[in-house]
Amino acid sequence: MTHALEQEIGGRTSTDRFWQHDVADLLRVGPGFDLRDIDPSATLGTAGTKGEGQSELDRATQHMRELQEQLYALSWTGSRDRVLVVLQAMDAAGKGGLVNHVFGGLEPYGLELTAFKAPTAQERAHDFLWRVEPHVPAPGSIGLFDRSHYEDVLVQRVHQLAPPEEIERRYGAINDFEHRITDDGVRIVKIMLHISPDEQYRRLAARLDTPHKLWKYSPSDTSERSRWSDYMEAFQIAIDRTNTPHAPWHVVPANEKWYARVAVQRIVLMELEKLNLHWPAAEYDVSEEISRLNATRELRWP
Ligand code: ATP
Ligand code: MG
């Protein structure tokens, strides 16, 4: 009995009590942002425990599913609204688990997941955005980029895979691209999952120590790890140069996996809620269709 009461007391839902502050606002990058100020172990915006975080994730998944269905339904009546979630992180920061736990409970139709790997020879022969453009989610969909066009100013900057002036050009090209798709109905949510080097060490060591996790480890993980400072500098520059009002960055502390998941879910939910979603009205005469359908009621087969 107390459960129902707990759900809503004085207009405050369990979600309101789990989130004591607007987490999207807390994690959104603002003026004077310095990555070094962010504690990767923080659980900003909530005093909740891991168990409470997991319950909140499950509860809010139902809400997210409904909003996703409305988004999808509205595209059938001409809406161009869609959401693109861009995930960037160091290896083993938990992108895969997050995609699974936050988006795995959604309707697969209407979810478009793209993982960007090192570019192929064909992709390298084109501008860096060439391979990205076809994966901008269709109207009504939620798109997820597991890595993205930001690799072209992160790993490519750290390893000097492109000349400095080309890297420099890309920040502006990214802003133009993101502006253009925003004008066409895409709401962009950019997320950096932020782990500490010692947490990454623990996770990589655990992979090497567990037979069924060996496939998740790649020798390059340790090579890239050894360039940690260069990566953090590249992230800082990329965030500084591409944190725009229409496509803001959020830096999500990710040492606590449960926190990163529930925080990203909340940030995406807040974006969906800004769309004022609703069920579309029928574009046909409902009573006429009821009559037409009823006229076929006696139909039998065989
Ligand atoms: P997992 O968590 O499963 O390891 P992952 O995203 O690390 O997932 P991998 O296949 O291990 O996937 O690595 C993909 C690699 O592709 C990364 O090292 C990344 O830096 C690289 N990559 C992605 N996009 C580009 C790009 N545009 N230029 C160069 N390298 C890229
Ligand atoms: Mg990897």
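Axes are lines fitted to C-alpha atoms, for helices over the stretch in contact, and angles run from 0 to 180 degrees between N-to-C directions. The views below are of a predicted model.

**View 1. Helix α12 lies across strands β3, β5, β6 and β7.** The helix runs at about 165 degrees to β6 (186-194).

**View 2. Five strands form an open sheet with parallel pairing.** The strand order is β4-β5-β3-β6-β7. At the edges are β4 (111-115) and β7 (249-253), each of which pairs on one side only. On average, and with direction ignored, neighbouring strands are turned by 20 degrees against each other.

**View 3. Strands β3 and β5 run parallel and are joined by five bridges.** Strand β3 covers residues 82-89, and β5 covers residues 142-146. L87 has D146 of β5 as its bridge partner.

**View 4. Helix α9 spans residues 197-208.** From first C-alpha to last, its twelve residues reach 16 Å, close to the 16 Å expected at 1.5 Å a residue. Buried residues of α9 are E199, Q200, R203, L204 and R207. Seen down the helix axis, these buried residues fall within an arc of 130 degrees, so they line one face of α9. Their cover includes α10 (219-225), α11 (228-242) and α12 (257-274).

**View 5. R170 sits in helix α8, residues 164-183.** R170 has a relative accessible area of 8%; this is under 20%, so R170 counts as buried. The side chain of R170 makes a polar contact with that of Q156 at 3.0 Å. Neighbours within four places in sequence aside, R170 is in contact with F128, D152, V153, Q156 and A162.

Definitions and conventions. Residues numbered from 1 in each chain as written. Chains lettered and ligands numbered in written order. Predicted model: local features only at pLDDT ≥ 70, side-chain atom pairs only at ≥ 80, totals over all residues. Heavy atoms only, no water. Helix = DSSP H or I, 4+ residues; strand = E, 2+ residues; numbered from the N terminus. Expected span 1.5 Å × (residues − 1). Buried < 20%, exposed > 50% of the residue type's maximum accessible area, 1.4 Å probe, protein only. Arc of directions from axis to C-beta. Contact = heavy atoms within 4.5 Å. Polar contact = N/O pair within 3.5 Å; in protein donor to acceptor, adjacent residues only side chain to side chain. Pairing = 2+ DSSP bridges.
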